[in-house]
Amino acid sequence: MNFKYGLFNSYFKHYKHKENMVTFSKNLGLSLCKGEKFAFQILISCDEDFCCKLGNSMDISYKGLINSLRFSVKDNSYLKNIKLSFLGYVEDDNKNLLSDPILNNKTLLINKNEYQSIWVEGFVPNDSNISNTTLEIDIYESKDYLKEKILSSIKVNIEILNISIPKISESDFFLDLWQHPSNWARMYDVEYFSDDHWFIIENNLKELASSGAKVITLIVSDYSWAGQGCYKEFKNPSNLFELNIVNVYKGNDNHIYCDFTNLDKYLKLCFKYGIDAEIDIFGIIGNWDNFSFGNPLKDYKDPIRISYYDENEKAYSYIDCKDDLKEYLTQLFNHLYKLNIFDKVRIISDEPNNSDLFKEWVNFIDKCALNKNIKFKCAIHNQEFYEKFNENIQDISLNTYEIINNITSIKDLGDKLSSKNGKATWYSCCFPKKLNTFLESPLLESRLIPWFTYYINFHGFLRWAYAIWPSNPFKEVSYKYPNWTAGDMFFVYPGKNMKPISSVRWENLKFGIQDYMILKIMEQKGLNSDYIRNQLGSLLGNKEDMKCLENRQIDFNYSLDGENYINLRNNLIKSLNKL
């Protein structure tokens with residue numbers, strides 16, 4: 001059989017049936033730091049059907065003892081945690097079939113003349129004492145009952161640079177990815193906050209922590225985002241409603257009472273995995289869809305929806321008056337205060353746009369908190385709101401559009417928030433198209449997010465969803481198109497074992513965070529930060545040339561050649577060693 005392969009970097013995106021646009025090469029070299037996780041890809045094809053196996057797998061396909069190729073990594077004491085995985089393929093909004101999920105299965109039937117990508121990842125130990133090594137992968141061929149023989153060997157040369165980075169969990173990159181635990185339960189059809197649900201939650205928090213994520217999402221009302229309008233979507237119908245993590249009931253004395261068991265358990269799990277820098281309270285200010293989804297409160301304009309069980313009536317209802325709402329919020333704040341974590345708490349509003357109403361709601365929440373020094377945080381894409389309220393909010397996250405709109409003064413905002421121990425982050429969502437993490441986005445853009453963060457002197461990056469899944473994300477990722485773009489909703493996929501399946505977008509974001517850590521280390525070791533940012537500007541573009549366009553789109557000319565960024569990074573490291 002005629003076997004073909006090519007080697008590609010981690011930010012290569014494979015479009016099925018478009019291989020004629022790809023240049024194949026059997027040569028690949030990597031320059032890595034000590035302590036760095038890395039990956040590359042092998043794109044393979046054959047002119048006959050064959051069963052492909054990874055590692056020690058000796059599985060068989062339904063076609064029996066046909067041609068078999070097995071990829072086996074040679075022992076290398078200088079590299080750790082070498083792992084081979086098949087990439088899965090999903091459709092984007094334009095029906096392109098492209099690689100994204102990193103699958104768990106170790107055997108795959110590959111049809112003749114079909115191309116398949118293999119993801120190879122590993123880790124350089126911090127105590128490495130060599131400057132070069134070679135990662136070798138042998139490809140064994142067999143058929144029927146014949147003994148395996150080596151068909152070919154892949155060799156990747158690795159240069160190990162004289163700089164060491166800590167674990168990604170120790171990074172000061174402020175990653176804020178919102179969690180949607182109700183959606184996770186529905187994906188597996190398990191009862192909310194049952195043992196199975198907690199197993200799912202813990203697995204997702206563990207994976208989230210692998211990115212160094214800093215922020216806990218606590219959703220303390222029902223339907224705060226009104227299910228992202230899912231009740232109006234009939235193509236690929238999906239339930240995106242989030243429920244209150246607090247169990248609320250009204251006692252025989254007609255007062256509101258709370259059971260914080262689930263909230264406490266969620267906090268404990270987050271702390272266990274090091275997600276503990278900040279606790280964001282969702283659902284009590286600036287809730288969505290007041291007009292189309294309604295508001296149970298008769299005397300308060302913010303549509304805060306809190307269901308409770310009425311012990312007198314033996315029925316469920318919703319808090320419908322400001323007095324009961326205040327009673328609920330006061331208990332919530334008192335509980336968080338008693339846990340001795342109130343300094344980490346932020347009341348977050350997602351994309352507020354009415355400054356007068358927002359001020360009214362802030363005043364009400366302050367009263368409910370009984371002088372406990374409540375801190376507020378906003379994700380903003382409204383310029384007027386940003387201009388009016390940036391003095392009154394502890395932490396701000398600006399949409400990419402607003403970043404570009406304020407690009408000449410953006411560093412001042414970061415410095416101002418730092419001076420009062422606040423955080424300045426930026427976020428992408430369903431817009432803009434550029435510098436995003438959609439399936440259709442150049443995969444390099446996932447890695448560039450931390451680079452851009454460093455460039456604008458911000459603390460980190462926010463995204464509205466670590467994982468909120470449509471009904472079947474492997475079969476149909478596209479949802480609410482064209483308003484949303486496939487991939488907007490999640491970084492990881494739901495695995496059959498109730499554990500998340502990573503994606504190439506997710507891993508490249510983490511590689512970008514490693515790059516950010518390296519840039520920060522170079523600062524600490526003496527390289528001038530302005531000098532570093534000037535170097536980055538040669539690839540990310542001059543700030544003065546960045547523009548806002550219609551429909552919340554942006555334009556700036558950043559390089560999409562990944563080698564340029566890797567070379568710049570490595571040249572900076574080598575210049576540091578000369579200081």
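Visitor: Which backbone oxygen does the side chain of Asn287 reach?

Guide: Some ground rules come first: this is a predicted model, in which local features need pLDDT of at least 70 and side-chain atom pairs count only at pLDDT 80 or more, while totals for chains, interfaces and linings use all residues. Residues are numbered from 1 along each chain as its sequence is written, and side-chain values use heavy atoms, with hydrogens and water left out.

The side chain of Asn287 reaches the backbone oxygen of Gly283, at 3.0 Å. A polar contact here is a pair of N or O atoms within 3.5 Å; within protein, one must be able to donate a hydrogen and the other to accept it, and residues adjacent in sequence count only if both atoms are side-chain atoms. Asn287 itself sits in the loop between β16 (278–282) and α4 (290–293), where helices (H or I, at least four residues) and strands (E, at least two) are DSSP runs numbered from the N terminus. With a relative accessible area of 10%, Asn287 is buried; that word means under 20% relative accessible area, whereas exposed means over 50% and partly exposed lies in between (1.4 Å probe, protein chains only). Setting aside residues up to four places away in sequence, Asn287 touches Ser221, Ser224, Asp302, Pro303, Ile304 and Arg305, contact being defined as heavy atoms within 4.5 Å.

Neighbours within four places in sequence left aside, the residues in contact with Arg70 include Lys53, Asn56, Met58, Asp138 and Tyr140, along with Gly55 and Glu148.

Asn81, in strand β6 (residues 80–91), has a phi near 55 degrees, a positive value in a residue other than glycine, and Asn81 is exposed, with a relative accessible area of 60%. Lys480 likewise has a positive phi, near 60 degrees, but Lys480 is buried, at a relative accessible area of 15%, and is found in the loop between β23 and β24. That loop, between β23 (460–463) and β24 (493–494), also holds Pro482, which is joined to Tyr481 by a cis peptide bond with omega about 10 degrees. A cis peptide bond also joins Phe431 and Pro432, with omega about -10 degrees, and Pro432 is in the loop between β22 (424–427) and α10.

Helix α10 (residues 444–455) packs with helix α12 (residues 529–540) at an angle of about 130 degrees, their axes 9 Å apart. Axes are lines fitted to C-alpha atoms, for helices over the stretch in contact, and angles run from 0 to 180 degrees between N-to-C directions. The pair is therefore oblique, since angles under 35 degrees count as roughly parallel, over 145 as roughly antiparallel, 65 to 115 as roughly perpendicular and the rest as oblique. The contact is made by Trp451, Phe452, Tyr454 and Tyr455 of α10 together with Ser529, Ile532, Arg533, Leu536, Gly537 and Leu540 of α12.
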